[in-house]
Amino acid sequence: RPKPPGVNPATDKGLKSQAKQLVTIRKQKEKLYETKAQLNSVGMQASAMATQASAITAVGAVTEALGNANKVMDATKMNKTLMEFQRENEMANMKEEMMNDALADAFDESDVEEEANEVTNQVLAELGVELDSKMVGLDAPNKAPPKKEGEQGVVSEEEAALMDALPDLRARLDAL
C-alpha cells in the first residue's frame, strides 16, 4: 500500500504500537501451534497407555484361565489317553492294510488266470494230452493207439486208473 503523506514510521507512536501487537500475535500463534502439538502428543501417549492397560488385563485373564485349566487337567491321564489313542490308531492302520491286501489278492484276476492255466495244463498232462496252438478247438481222440504185446498188462492197468479218474478230471475242467 502506498504510504500516506506525512507519516513517519520512526516517529509515529500508533504505527509502532500496532507493529508490536502484530509481532506479539505472531509469537502467540507459534506458541499455540506448539501447544496443540504437545496436546496431541499427550493424547497419543494416553491412548497408548490405555491400550497397554487393556493388554495387561487380557494377559492376566488368559493367565488365570490357563492356570485353572492346568489345575483341572491331569497330565498323566492326558498322556495315557494320547498313548491309547496312538495305539488304537496304529491297530486301525494295520487292519486297513490287511484288508487292502486281502481285497487286492481276492480281486487280482491275473493270478487267477495263471492258476487256472496251470491247473488246466496239469489236468491235460495227467491225461496225456498236449496243448498245441494248432490243435485248439479239436477234440482229443477217443481211440487209443495200438499197443505192443508186452505193454498190454501195464497199459491196461493205467487205462483203468485213468478211466476211473476221467470223470473227476472232466468235472474239474468244466468247473474252470
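**The chain as a whole**

Let's begin with the fold. The chain contains four helices and zero strands, giving the pattern α-α-α-α when read along the sequence. Of its 176 residues, 3% are buried. The chain exposes about 16,400 Å², and carbon and sulfur atoms account for 58% of that area.

**How confident is the prediction?**

Averaged over the chain, pLDDT is 80, and 76% of the residues reach at least 70. Among the elements, helix α1 (residues 13-72) has the highest mean pLDDT, at 93, while helix α4 (residues 152-175) has the lowest, at 74.

Glu 96 sits in helix α2, which spans residues 75-106.

The other patch is nonpolar, with an area of about 290 Å², and is made by Met 73, Met 78 and Leu 82. Met 78 also has its place in helix α2.

| Residue | Relative accessible area | Class |
|---|---|---|
| Glu 96 | 47% | partly exposed |
| Met 78 | 41% | partly exposed |

Why does Glu 96 count as partly exposed? Its relative accessibility is 47%, and the partly exposed class lies between under 20% for buried and over 50% for exposed. Met 78 is likewise partly exposed because its relative accessible area is 41%, which falls between those cut-offs.

Note on methods:
Residues numbered from 1 in each chain as written. Predicted model: local features only at pLDDT ≥ 70, side-chain atom pairs only at ≥ 80, totals over all residues. Heavy atoms only, no water. Helix = DSSP H or I, 4+ residues; strand = E, 2+ residues; numbered from the N terminus. Buried < 20%, exposed > 50% of the residue type's maximum accessible area, 1.4 Å probe, protein only. Patch = residues over 30% accessible without salt bridge, like charges linked within 9 Å, V, L, I, M, F, W, Y side chains within 5 Å. Areas by Shrake-Rupley, 256 points an atom, 1.4 Å probe, with all protein chains shown as cover. Salt bridge = Lys/Arg side-chain N within 4 Å of Asp/Glu carboxyl O. pLDDT = per-residue confidence, 0-100.
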